[in-house]
Amino acid sequence: MNLAYKHLLNPDFSPYSRVWVYQSSRLLSLSEAFDAEDQIREFTKAWVSHSDDVQAEGHLFFGRFVVLIADETHIKVSGCSTDSSVRFIKKLGEAFKVDFFDRQNLAFVKNDKIEILPLSQVKYALQHAILTPDSLYFNNLVLNKAELENDWILPIKNSWLAKKTGIAV
């Protein structure tokens with residue numbers, strides 16, 4: 001599976017640009033993905049903070065992850081602006097009948113595919129070699145562009161899950 005995505009990020013955005021990652025409860029179909037990408041692009045073009053344009057971009061990665069990025073070098077994203085992005089993601093979820101807000105389902109690369117596993121089952125999956133400490137995990141808790149580039153897709157052993165599951169590395 002090709003996990004390349006960094007080349008799609010705006011190189012002019014600060015590494016400290018704020019990032020929000022929303023994981024879909026299912027893989028979007030190809031036509032849904034094209035439609036979602038159009039809607040994401042329209043939202044980020046129109047995104048404002050206190051009537052100032054937010055320097056932003058948005059992506060749908062791997063047909064499953066909506067990533068919004070706001071470079072706050074000049075304009076800070078206000079609470080109201082963040083709320084508008086959450087409303088947009090809720091509306092997107094309703095349009096495609098998916099849930100972008102279930103943080104208990106985690107994404108991993110398994111057999112060259114992205115698989116979803118509830119947090120409550122990760123320890124079991126590790127104990128029974130369904131997942132290994134080297135299995136790639138999508139850490140949707142990244143906060144900025146630098147973390148998105150370096151810590152979004154990483155081995156379980158290098159994530160917060162290592163401590164949570166008690167795996168020895």
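**View 1. The buried residues of helix 2 and the elements they pack against.** In this predicted model, the buried residues of helix 2 pack against strand 1 (18-23), helix 1 (30-46), strand 2 (48-49) and strand 5 (65-71), where contact means heavy atoms within 4.5 Å. Among these buried residues are Phe88, Ile89, Leu92 and Phe96; buried means under 20% relative accessible area, exposed over 50% and partly exposed in between, with a 1.4 Å probe and protein chains only. Helices (H or I, at least four residues) and strands (E, at least two) are DSSP runs, numbered from the N terminus. Residues are numbered from 1 along each chain as its sequence is written, and side-chain values use heavy atoms, without hydrogens and water. Because the model is predicted, local features need pLDDT of at least 70 and side-chain atom pairs count only at pLDDT 80 or more, while totals for chains, interfaces and linings use all residues.

**View 2. The pair of tyrosine 5 and tryptophan 152.** These two rings form an edge-to-face aromatic pair, 5.0 Å centre to centre with 90° between the planes; rings of Phe, Tyr and Trp (its six-membered ring) pair if their centres lie within 6.5 Å, and planes under 30 degrees apart count as stacked, over 60 as edge-to-face and the rest as tilted. Tyrosine 5 lies in the segment before strand 1, and tryptophan 152, 147 residues apart from it, in the loop between helix 4 (145-151) and strand 9 (153-155). Tyrosine 5 counts as buried because its relative accessibility is 4%.

View 3. Tyr5, Phe61, Phe62, Phe65, Phe138 and Trp152 form one aromatic cluster, and both phenylalanine 138 and tryptophan 152 are buried.
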